[in-house]
Each structure stands twice: as C-alpha cells, then as structure tokens.
Amino acid sequence: MTDTAPTPSAHQPAGPPSAEPRHFWRMFAIWIVLSAILDPLFYFLVGPHVPPGTMTSSAAENQLDFNILFVIALPVILAVWVYLGYSIIMWRASRKDAPEPVGGEAARTNLRVQTAWITVTSVIVLFLAGFGTYELIQNYGAGGGQGPNPIWKPTASHILPVQVIGQQWKFTYRYPTYGGFETQQLILPADTTIAFHVTSLDVIHSFWAYQLSIKADANPQVDNVAYTTTRQLGRFTVRCSELCGLWHGAMYNFGQVVPKAQFDSWARQTELTTAANTRLLPPFAWTYVPDANGAGGGYYNNTVDPYSPSEVYGARQPAS
Amino acid sequence: MTISAERESEVAYPDPTPPHAGGIQGWTSRPGWLSQHLGTAIVGAVAGYLIGHWLGNVIASGYNYVANSGVNAIANTGGLLLGALGWLIGIGALNYPLAKMVGMEPAPEQETTSWTRYFRYTADHKVVGLQYVIGVLLFLFTGGLLAMAIRTELLSPTSHVFGPGTYISIVSEHGTMMMMMATSAVVGPLGNWLVPIMIGARRTAFPRIEAFSFWIFSAGYLVILTALPYGGFPTGWTGYAPLQTQASGGMMSYLVGFALIGSGMMAAGFNLAVTIVNYRAPGMTWSRVPIFVWSILATCALLTLATPTLVAAGLFGILDHTAQTAFYVNEHGGSSYLWENLFWFFGHPEVYIMALPGFGIVGEILPVFTRKPLFAYKVAAAGMVGVALLSFFVWQHHLFQSGINPDMRPLFMLTTELISIPTGFIFLVGMGTLYKAKIRFEVPMLFALALFFNFLIGGVTGVFLSDVPVNVTVHGGFFVLSHFHYTIMGGLIFALFGGLYFWLPKMTGKTMNKKLGQIHFWMMFIFFNLTFFPMFIIGLLGQPRRVFEYQQNLQALNDFSSVSAFILGSSFLVFIANFAWSIFIKPTPAPPNPWNSLGLEWQTASPVPYYNFERIPVVLTDPYRYGEEGAPPVADLGEELVGAGAGPRAGTSTGETSATSAE
Amino acid sequence: MSFGGRLSTFLVLLAVAVGAAVYAVVTFLTPNPQVVDFTGAQAVGAPVDLTVQTVGAIGFGKHPTWVSYLVKDPGGQWIHSTVWKVPAHTRINVTVEQYDSGSPLRNQQWGLVQGTTGGTASLNGTTFSVYNSYDANGVGHTFAIPTIGLNVPLVGVDPNATNTCGAAPCTTNYVHNVMRFSFTSPGPGEYPWQCFVPCGLGFLYGNGGPMSTINYMGGFLDVAA
C-alpha cells in the first residue's frame with residue numbers, strides 16, 4: 001500500500017534533493033518492518049484461536065478466510081497509520097524551520113500516484129472478492145443460509161437433515177430421518193454432513209450456531225438451508241441473531257456434537273420417548289403455515305389452520 | 001482570462017427581491033408574539049394530535065382487532081399525522097401555497113436581525129442552517145442519552161436495570177433517532193448554511209422547501225419521541241416485518257416518524273441539488289466547485305433517489321397496521337422479505353448519505369490547516385459520484401444469511417468490495433494533501449485527522465463483513481455494530497464536530513474556546529475508540545446485537561466498553577458547555593476569516609449579509625490554491641480587487657490575514 | 001440581553017432538559033413490575049408454594065383487555081406481577097388456577113410436560129405428561145422457563161361455560177382448571193419465563209401485546225442465593 005504514497009520526486013520541484021530526507025523510503029521501511037513482524041505474529045499466534053474455531057468444516061474454512069483477510073488488511077491499516085503518524089510528526093507546523101508548503105500543479109495532482117493507488121486498491125479488492133467467492137462455493141455456502149433452493153450442495157453420500165423451527169422465543173428441532181420427532185435439544189453426530197433446514201412459525205429469527213459457523217434466518221414459510229460437516233466433539237452455543245421481540249436476548253440454547261453411535265442411540269431413544277407427542281405433531285414438512293391470527297380472535301379476520309403442512313417451495317418428504 | 005473580462009461577460013445580476021417565506025400580508029409580517037412561531041407550531045401540533053386521535057377512535061374503536069387488542073393503531077397514526085400537519089400549519093409552512101391557491105399574493109419576507117427569526121419559518125438559508133444545528137444536536141444528544149442507558153443495562157450479563165421490553169425499546173429508539181439524525185446531520189446544518197455561499201449564490205433555489213425540510217425534520221423528532229410514552233417498539237431501527245406488523249405501542253411513531261424524516265430528506269436533497277446545479281455564480285465551473293459541495297451534490301442524489309423507497313415501505317407498514325393490508329405477512333400474500341429488500345434498498349445508500357458529507361468536510365478542512373491544495377481533487381469528486389452510483393447495487397449484503405436466492409451472493413460481495421475503491425479515495429486525498437504540508441493542529445484539524453483513523457478501521461472491517469464466509473460469524477453481532485459506529489460516529493459525527501468548530505465562527509460570528517475544544521476532542525477520540533474497539537472482539541466472541549443477556553465471560557469487555565461509553569458521553573457535556581459559553585453566554589467576536597482560508601465562504605463579510613454577497617461574486621479559481629505564487633483570488637467580489645492572492649505568497653500561514661472585502 | 005440574563009436563560013434551558021430526561025427515565029423506562037418475594041416465607045430448604053392464576057382479561061390498568069398472570073403473595077393477596085423471587089435449589093410447588101379458555105397449540109411440542117419433578121403435571125388431580133391440544137378445550141397457556149427446559153401446558157376451560165371469569169382477580173367460584181406441578185429452582189440468577197400459546201388477541205401471530213409485554217404473559221423467576 002505504501003508504494004502508492006506520493007513519492008518525493010513527484011512533488012519536489014527541480015532543485016537539490018540532497019537536503020530533503022527520503023520520506024517515501026523511510027515510511028516504506030517502517031511499514032515493511034511492522035508488517036513483517038505483526039502479520040506472522042497474528043497469523044501464527046492469534047489466527048488458530050480466531051472464532052468460530054475449527055469445530056466444523058465451515059468454521060475452519062471461515063476462520064481461515066478471516067485470517068487471510070486480516071493478514072491482508074493489517075498491512076493496509078499499517079500503511080495508513082505509518083503515513084499519518086509520519087506526516088503528523090514530520091510535517092507539523094510547530095517543528096523548527098518548518099518550510100512553507102509548495103502549492104501548484106505538482107501538489108494538486110499526480111498521475112503516477114493516483115494510478116498506482118487505484119491499481120493497488122483495485123487489485124486487492126478484486127482478489128478479495130474472488131477469494132471470497134471461491135471460499136463460498138467450495139465450502140458449500142460457508143455455513144450461511146442458502147434459502148429453499150441451495151445451489152452449492154455438499155457431495156457427501158449421507159447428509160443428516162435437521163429442521164430448526166424458530167418461534168417466539170425458542171428454537172425447537174425436528175429430526176425427519178428419525179420419525180420426525182421434535183425436541184428442544186440439538187444433538188449432532190460427529191464427522192457427518194448436516195443440512196440445517198431453518199424455518200419459523202412467526203416472525204423472522206436467525207439461527208446462529210456459533211461454534212458450528214452456521215447462520216441462517218428463520219422466515220415463516222421459508223425453508224432456509226445451510227450445510228456444514230461436523231469435525232470435533234463438544235458443546236456449542238445457539239443464539240438468535242435477528243431481533244425477534246421481547247425475549248430475543250433469552251433465545252439461546254446449547255447443543256452438542258457427540259460420536260455417531262451415541263447420536264444414533266440418543267435419537268432412537270428420543271424417538272421412542274416422544275412418540276406419544278410426535279403422533280400429535282403435524283406430519284413432517286419443510287415449512288409450515290403458521291396461523292397468522294394466533295389463538296382465538298386474531299389480527300386478520302380469516303382463519304388458517306395452525307401449524308398445517310404446506311407444499312410451498314416444492315417440499316420434499318425426506319427418505320426415512 | 002482577466003478579471004474584467006469575466007466581469008463583462010457576466011449577465012445582469014439576478015433580481016435582488018427577497019425570497020418569499022410564505023408570510024401572508026399583515027400576518028407573519030406582524031412583529032412579536034402575534035405572528036407565527038415555534039409556540040403556535042406547538043399549539044397546532046397538540047390540536048392536530050388531539051383531533052387525529054379522536055377521529056381514529058371514532059372510526060375504528062369498534063373494529064374487531066382493535067377491541068380485542070385494546071390498541072388502536074388508526075388513532076395513533078391519525079394523531080401523529082394530523083399532529084405533524086398541525087405543526088406545519090402552526091409554523092406557517094402552508095401559508096404560501098394556500099394563499100397562492102386562493103389567488104392572494106403573499107408578502108415578501110422582512111429582512112430582520114431579531115433573534116426571534118430563529119423560531120420562525122424563514123427563507124433565509126443561514127437561519128435554517130442554524131436551526132438545523134440546534135435540531136441535529138438535540139437529536140444527537142437525545143439519542144446519546146439512550147446509548148448511555150443501553151450501556152448501563154449491559155454492565156451485567158444477567159441482572160437487569162431495565163425490563164427486556166424497555167431495553168429493546170431503548171435500543172430501538174436509540175438506533176432510530178441516531179439514523180434519523182445522521183441523515184440530515186451535515187446536509188441540514190452545514191449543507192444549507194454553506195452551499196449557497198460556497199457557490200456564490202444569494203439564496204437556495206427553493207427557500208420554502210428548505211424551511212419545510214427543517215420543520216418536518218423537527219416534527220419527525222417529536223414523533224419518534226412519542227414512541228416512548230406509547231410504550232416503545234421492539235424492532236430496532238431496521239423495523240423488520242413481520243415483527244413490525246405484530247408490534248404495537250410506539251411502532252406507529254417509528255413508521256410515521258421515518259415517513260416525515262424521509263419527506264424532509266427528499267425536500268432538503270432536492271433543494272440543494274437544484275441550487276448547486278443552477279445557482280452557481282459566474283465562473284464557478286464544475287472543476288472549481290468546492291469538494292464539500294461535490295459531496296453534498298452526491299448526497300443529494302442519494303437523498304432524492306433512495307429515500308422515496310423508505311417512505312413507500314413505511315406507508316406499506318402503516319397500511320398493514322391500519323387497513324389490515326398484508327404487504328409483509330407471508331400467510332396473506334405478502335412477504336417478510338419485502339420490507340428487508342425495500343428497507344435496505346434505501347438503507348444502504350443511506351449509509352453513504354451519512355459518509356459522503358463527512359468526506360466533504362474533511363476535504364475542506366485539510367487544505368486550510370496544511371496550507372496545501374487539496375490533492376487529487378478530481379479523483380475525490382469522481383469518487384463521491386462513484387460511491388453514490390454504486391451504493392444502489394450493494395443492499396443485499398445485509399441479507400446474505402436471510403435465505404434469499406444464493407446465486408446473487410458473489411455479485412453483491414463483489415459490488416460491496418468494489419465500493420471500497422471510491423470510498424478509499426478519501427484516503428488518497430487526505431494522505432496526498434498531508435504530504436510535505438505544514439500541519440496546524442487546530443481543533444477542526446484534529447477532528448479531520450481522527451476521521452482518517454476511525455474510518456480506516458470502519459472501512460476495513462466493512463470488507464470483512466462483505467466477505468460472505470466471514471459474514472456468517474460477524475453478521476448480526478457486535479462486530480457489525482462496532483463497524484457501523486466506526487463509520488457513522490467515527491466518520492460522520494467526528495466530521496460534523498470538526499465542521500462545527502471550523503465554520504461556527506463564520507456562522508455565528510463567535511469564537512469557540514480552543515482549550516475546551518481540545519479537551520472535547522481528546523476525550524471523544526480516545527473514549528470513542530475504547531468504547532467501540534472492544535465491541536469487535538465482543539462480536540467475534542459471539543454476542544448478538546440487541547440482547548439483554550450475554551455470556552458471563554464477556555462481562556469484563558462489556559464493562560470496559562460501558563465505562564468508556566460513559567466518559568465518551570460526558571465529552572459532549574464539554575462541547576455543550578463550550579457551545580453555550582462561547583456562542584451564547586459570553587461571546588467573543590470572531591474575525592471574518594479566523595483560519596485564514598481561501599474558501600469563498602470566508603471572503604464575504606462577517607456577519608454574512610442577508611443576501612450573502614453585496615454583489616454576486618465572479619469566481620476566478622478553485623479555493624485550494626495554497627502555497628502558490630501569484631495565484632488569483634478565489635473570486636472577484638465586485639469591490640476592490642482583494643483576496644488571498646493579493647499578497648506576495650498566496651494563503652501562507654505566517655499569520656498575516658488575507659484581506660477580505662469585509663475589511 | 002445581559003450576561004446574567006443569557007446565563008440564567010441557559011441554566012433554565014439546561015434544567016428543563018435534565019428534568020425532561022429524568023422524567024422520561026422514571027416514567028417510561030423503568031416501570032419494572034413489583035417483585036413478589038417468596039424467600040422469607042418458610043424455613044431454609046423447605047419447599048416453596050407458588051400459587052398463580054391466569055385470566056383471559058385482566059380488567060384493570062392500562063390494558064384491561066389483555067390476558068395476564070396474577071400471583072398470590074405469601075400473605076394470600078392476589079398481586080398483578082410476574083417477577084417472583086424464590087430461593088435457589090429448592091423445590092417449588094406450583095399451583096395454577098387456569099381461568100382462561102384454550103385453543104390448539106401452534107406447536108404441539110409445547111403440549112409435552114418437560115423439566116418438572118417426575119416429568120409430569122396434574123390437571124384437576126389427574127397426572128399427565130403429554131396433553132393433546134387438539135382435544136377438548138385445548139391449551140390456554142404454557143408456563144415455560146426455556147433456559148432450564150421447563151414447560152407445562154395449562155389446559156383451557158370450557159369457553160361456553162356460563163360462569164367464566166371476566167376480570168381479575170378471579171375466585172374459584174368461576175369455571176377453572178387446577179394445574180399442579182413441581183420443579184427444583186436453579187442456581188441464583190434471573191430466569192425469564194414465558195408462554196408459548198399465541199394468546200395475544202388482535203395481534204399478528206397472537207404474539208404481540210400481552211405476549212410481548214412483561215407483567216402479562218412473561219416475567220422473571222428471580223432466584224436468590
């Protein structure tokens with residue numbers, strides 16, 4: 001970045017340059033030293049601990065992405081800071097024998113500097129956009145909600161679908177491949193590709209499984225799909241990250257990634273223990289039509305069956 | 001090109017007849033308390049509110065959903081809308097159009113120097129500008145107090161000062177007030193006051209529309225305040241539906257308030273855009289227009305083109321609440337995505353409505369205190385126009401995780417990152433101007449330099465947010481919250497205060513205390529960063545926005561941020577003390593050109609005459625020809641040939657004041 | 001105006017501004033419900049009896065049409081409050097007098113009794129663990145503390161009964177259901193509790209108004225050390 005700073009030769013009128021220090025090279029030296037020290041320090045010391053960690057494939061990739069961005073951003077920040085600091089010290093009016101600045105065309109515009117600036121910023125920006133796109137696609141949407149028709153789908157042969165139902169003010173979860181039982185616990189098997197199908201029964205929520213690096217808004221009647229592959233065992237936090245009313249701040253729970261066998265036995269067990277209630281639940285569907293009216297007399301004057309299955313968005317029944 | 005040649009080529013001066021404020025003969029021209037002023041506006045507002053509320057109850061109290069819920073949105077809306085109308089009637093905004101409609105000829109506005117003109121509907125853009133100064137500061141400090149309440153609640157992760165509903169109301173009110181204020185923070189006070197003088201005009205193109213923009217802006221302030229007694233609203237400033245449709249209480253204040261503010265924004269933007277295009281003095285070519293005027297022009301384009309979307313979206317929301325339409329309710333044929341898209345289609349250009357004027361202010365301050373010309377002026381102007389254009393193509397980056405069609409995501413990632421190129425030009429301009437300069441650290445310059453520090457952090461973190469994979473973690477959390485405080489507060493508000501310290505001596509003819517200004521700056525700068533920088537880390541560690549409960553392990557960082565915020569808040573008390581003392585209580589007269597600037601606004605007399613210039617100036621050059629031998633003065637003011645260029649060396653900082661026509 | 005005049009004008013304006021801010025905070029920003037304290041009423045470690053009622057319309061106050069909870073304080077008085085202070089790690093025996101009618105649940109998941117002692121609750125003396133909200137009069141409310149996983153459906157009364165209670169506090173002369181359950185209070189802290197039945201009449205999804213306002217269908221279990 002610093003090489004885009006105005007070079008001394010560009011501004012100096014013809015004259016003896018010997019008395020003038022070589023500002024550009026000084027700044028460049030400070031900048032390169034700082035960058036060379038701080039960038040590796042960040043990357044190797046802080047980088048591995050950068051959220052959201054490495055619990056899933058999307059978390060690990062997003063952490064890498066953050067670190068790459070940071071390693072590029074830090075020198076940019078340093079370049080400006082070094083330049084500002086240097087200018088403030090070197091060119092303050094209160095210093096001894098501060099010369100009068102020289103105006104004129106050379107001080108107003110400098111094609112070389114301007115071209116260099118635009119070129120460098122454009123190259124950085126285009127690289128970042130390209131890199132981000134690559135990460136997004138090869139990471140199957142990077143854990144973000146892709147809506148009802150995901151275009152970057154994982155190729156794993158076995159994908160566990162988990163439905164996340166947002167409602168004011170709690171997430172509940174349905175496991176369609178285990179008879180569609182519903183639970184308040186989010187338990188996931190390790191080393192498995194998971195497809196989260198996020199939907200809502202009322203206002204917009206956002207399902208944010210922090211350590212899994214999953215974030216997908218829950219909209220009523222929308223099946224918002226996000227993918228990741230679990231890698232490590234452990235607990236993770238689920239929070240709502242879209243303001244959803246009174247208890248938004250209390251809308252969280254903790255989930256757990258457990259070994260595959262343990263997950264399977266938990267799921268089968270829960271399927272049995274909740275069977276009485278599962279029979280009463282509406283048949284599993286990817287989205288549900290919430291009754292916009294609520295219990296009894298509602299805002300709108302018509303009635304829609306509460307929690308009825310819907311066919312919108314080409315709902316597919318899961319293979320059980 | 002000689003001065004006389006320019007002078008001769010000039011056509012006749014425009015008719016110096018004063019603009020009509022809208023007074024009806026023998027009514028507003030009547031002196032004293034018999035005429036229309038703030039007091040009659042308040043009476044009108046109260047009367048209008050009561051009528052509207054009563055009417056709403058008459059119409060709708062029997063409706064099923066009103067009777068069930070016990071909440072009558074129709075009465076609330078009617079009260080607020082008629083209240084705003086009463087406010088405008090009371091101040092006299094409708095006198096002129098109504099008089100014209102019935103064939104009466106309104107009397108021209110009386111030239112006056114009475115202090116009461118600040119409480120009236122006036123066509124003098126300088127009075128409107130100062131009215132805006134007070135209005136914007138009132139808005140800012142009210143929102144600031146709410147921010148203090150937010151930080152008080154977040155002192156503890158689990159025990160609560162406010163109830164959760166009250167807390168969300170405070171958060172929503174803070175966000176909404178600050179966003180409303182920020183849309184007009186610079187365009188209102190400085191744009192209205194400075195632009196006509198900077199381009200050598202005697203008034204703005206539509207003085208009544210200008211006055212209208214202020215009085216509807218202030219009506220918006222009062223309306224959004226009513227959200228609190230109504231019980232607040234739970235949606236935050238983004239007002240996402242269908243939560244918006246579900247909410248009651250202060251929700252109508254939000255929708256009506258934003259509609260009023262939006263009308264004011266459109267009016268202000270329209271007036272200033274037309275003024276800049278059509279009212280430039282002879283010789284004020286596009287390459288001589290001050291960079292601040294460029295920034296206002298780009299902002300005006302956004303104000304007039306983006307804001308209608310907000311007003312329309314708000315109208316849909318009002319209809320959903322009052323007429324039971326279902327624009328935003330999926331189950332009845334609407335879409336919860338509709339508000340998100342409409343809101344951000346306005347909302348992202350709005351971000352640049354807030355950023356661009358700040359760049360303009362800094363672009364004006366830097367040359368004065370570096371004694372150098374503005375570097376890369378054309379790039380800066382092009383950058384501002386580029387930002388304005390691109391800002392219409394980035395809004396979906398707010399919706400990366402919302403479940404909209406994913407194949408647009410790479411495109412919006414690209415456009416969002418592209419916009420950082422023209423935005424970055426302000427750094428090219430700033431750094432180039434600082435090169436081999438002679439930097440005087442006056443208070444305005446400190447604020448200008450701080451903008452570069454803050455906005456750099458804000459801008460770079462914006463690139464993180466635009467990256468879809470990283471966005472998964474940082475979206476909707478404290479990271480993005482910190483990011484936009486760094487750009488809006490660290491950028492716009494710092495620039496606004498820099499601009500106020502810079503131009504208030506000209507606007508009011510009074511000198512601000514330098515010592516207090518420096519204390520204000522250092523408190524604000526240090527504790528701004530100590531407040532908001534930890535929030536990046538808080539956000540990365542997983543704290544979502546707008547929550548009243550958070551993880552125990554984040555308490556230390558939150559407390560640090562809160563305590564810093566309290567000191568940041570108190571820094572504004574220093575400003576209030578300085579402002580009140582130096583401008584109002586014990587004023588010290590300011591010289592006409594205290595900073596020794598070459599800008600045209602400094603060359604006219606002080607106090608600035610009613611018509612700004614005795615004669616329309618003929619602009620000879622751009623206002624940045626510092627450090628240049630034999631540079632011409634910025635303009636021929638029609639009197640003896642004086643100006644910065646008259647000295648042996650133009651605009652040097654050695655203390656000799658440049659001559660002005662006023663001396 | 002003289003110097004003194006300007007100074008006093010400024011001070012008056014300042015006082016007005018400060019007064020307005022204080023007034024706003026006191027009036028609009030801190031109306032927390034009254035805390036009903038159950039910590040001193042019995043011996044340490046002894047179970048706490050908590051008796052509450054739900055009414056279809058509170059009948060008084062700012063929102064007379066809103067559905068609400070009331071609680072019987074240790075002195076036996078019905079209080080309109082939803083912030084209840086109980087000791088930590090103590091068995092809480094809850095009795096709910098349900099005077100409100102019901103409907104099918106939006107999410108039948110909340111018909112499942114969870115987090116109570118024994119995983120059951122009783123309806124007029126009959127123990128159950130799952131309640132079919134499509135049955136009979138449906139579910140009027142649920143008492144749920146989501147952060148500790150507690151949820152009990154409160155079964156609605158017959159809406160066609162002749163003696164439905166119209167205004168709080170209701171007495172047992174009116175048609176009602178008695179629900180009983182127990183749970184163990186968690187460690188110290190403020191635990192939000194809420195209802196999962198969209199019972200806010202006249203609001204979209206039934207979750208506005210009383211559902212979104214503390215002291216009606218939501219509150220805190222304030223667990224003291």
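A crossing of two helices counts as left-handed if the near helix is turned anticlockwise from the far one by less than a right angle, and as right-handed if it is turned clockwise. The structure is a predicted model. In chain B, helix H8(B) passes helix H12(B) in a left-handed crossing.

**Helix packing in chain B**

- H8(B) spans residues 187-198 and H12(B) spans residues 291-322; their axes come within 10 Å and cross at roughly 125°.
- The two helices, H8(B) and H12(B), are therefore oblique to each other.
- From H8(B), the residues Val187(B), Gly191(B), Leu194(B), Val195(B) and Met198(B) meet Phe292(B), Val293(B), Ile296(B), Thr299(B) and Leu303(B) of H12(B).
- Sorted by class, this contact of H8(B) with H12(B) comprises eight nonpolar and two polar residues, with no charged residues.

**Strand pairing in chain C**

- Strand S12(C), residues 189-194, is mostly covered, with five of its six residues buried.
- S12(C) pairs with strand S13(C), residues 218-224, in the antiparallel sense over six bridges.
- Within this pairing, Tyr191(C) stands opposite Leu221(C) of S13(C).

**Contact between chains A and B**

- Chain A contributes 89 residues to the contact and chain B contributes 87 residues.
- Among the elements that give two or more residues to the side of chain A that touches chain B are helix H3(A) (57-90), helix H5(A) (111-138) and strand S9(A) (234-240).
- H3(A) gives the most to that side of chain A, with 14 residues.
- By class, the side of chain A that touches chain B holds 48 nonpolar, 31 polar and 10 charged residues.

Methods
Residues numbered from 1 in each chain as written. Chains lettered and ligands numbered in written order. Predicted model: local features only at pLDDT ≥ 70, side-chain atom pairs only at ≥ 80, totals over all residues. Buried ≥ 20, exposed ≤ 12 C-beta atoms within 10 Å, placed from the backbone. Helix = DSSP H or I, 4+ residues; strand = E, 2+ residues; numbered from the N terminus. Pairing = 2+ DSSP bridges. Axes fitted to C-alpha atoms, helices over the stretch in contact; angles between N-to-C directions. Parallel < 35°, antiparallel > 145°, perpendicular 65-115°, else oblique. Contact = placed C-beta atoms within 7 Å. Nonpolar A, V, L, I, M, F, W, Y, C, P; charged D, E, K, R; others polar.
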